[in-house]
Amino acid sequence: MAGEASVLTAIALQAKATWGYPSEWLEQWREALTLSPVDLDRMIVRVAVDRGTPVGFGAVDRIAEGWEVAHLWVLPSHGRRGIGGRLLSALANAARGAGAATLRIESDPHAAEFYERAGAVRIGAVPAPMPGVAERVLVVFELRIVG
């Protein structure tokens with residue numbers, strides 16, 4: 001499990017870095033982007049594989065309000081091929097099987113359009129200030145997966 005966690009963490013870190021964030025920000029996010037074997041046991045995880053190599057993954061996690069998309073990352077070299085959409089669909093199906101009716105998503109501003117195209121509805125925003133950008137927010141979405 002530890003090897004899987006490190007491979008998935010590397011995917012998350014590479015994907016986040018492609019958005020051009022300063023290295024100091026990426027370092028601040030390192031812990032949030034790092035998965036452990038315990039995380040993999042707790043969350044529902046789906047991995048996209050190309051020729052035997054993981055190229056993306058997604059994870060949903062149970063929270064007090066229901067379920068949330070905790071991770072959804074695709075290697076930059078495999079972007080724009082529909083992998084993210086297929087992962088989101090697989091996560092929605094898995095969460096539905098676990099009893100979820102909706103998924104909460106706190107989206108990086110760069111991924112907001114992706115979630116809108118997938119049918120998620122904006123329901124708010126949460127402050128996510130970073131050095132030099134005090135007004136930065138994460139867009140909060142809800143994706144209905146039942147009915």
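Student: Which kind of contact do the side chains of Arg30 and Glu27 make?

Tutor: In this predicted model, they meet in a salt bridge, at 3.2 Å from N to O.

Student: Where do Arg30 and Glu27 lie?

Tutor: Both sit in helix H2, 3 residues apart, or about one turn of the helix.

Student: What does Asp39 pair with?

Tutor: Arg42, with the closest N and O atoms 3.2 Å apart. That pair lies in helix H3, residues 37-42, again 3 residues apart.

Student: And is Asp39 buried or exposed?

Tutor: Buried, because its relative accessible area is 15% and the cut-off for buried is under 20%. Arg42 is partly exposed, at 45%.

Student: How many salt bridges does the count come to?

Tutor: 8 salt bridges. One of them joins Arg104 and Glu106, at 2.9 Å from N to O. Salt bridges that share partners also link Lys16, Asp108 and Arg136 into one network.

Student: New topic: what volume does the largest pocket have?

Tutor: About 1,200 Å³. Of the 42 residues lining it, Trp19, Leu72, Trp73, Ala111 and Tyr115 are the closest to its centre.

Student: Which element gives the most to that lining?

Tutor: S3, with 7 residues. Helices H1, H2, H4 and H5 and strand S4 are among the elements that each supply at least two.

Student: What's the lining like by class?

Tutor: There are 21 nonpolar, 10 polar and 11 charged residues.

Methods
Residues are numbered from 1 along each chain as its sequence is written. This is a predicted model: local features need pLDDT of at least 70, side-chain atom pairs count only at pLDDT 80 or more; totals for chains, interfaces and linings use all residues. Side-chain values use heavy atoms; hydrogens and water are left out. On a 1 Å grid over the protein atoms alone, a cavity is a set of points where a 1.4 Å probe fits but cannot get out, and a pocket is an open set with protein on both sides within 12 Å along at least five of seven lines; lining residues have an atom within 4 Å of a point. Grid points are joined across faces, edges and corners, and a volume is the space filled by probe spheres set on the points. Helices (H or I, at least four residues) and strands (E, at least two) are DSSP runs, numbered from the N terminus. Ala, Val, Leu, Ile, Met, Phe, Trp, Tyr, Cys and Pro count as nonpolar, Asp, Glu, Lys and Arg as charged, and the others, Gly among them, as polar. A salt bridge is a side-chain nitrogen of Lys or Arg within 4 Å of a carboxyl oxygen of Asp or Glu. Buried means under 20% relative accessible area, exposed over 50%, partly exposed in between (1.4 Å probe, protein chains only).
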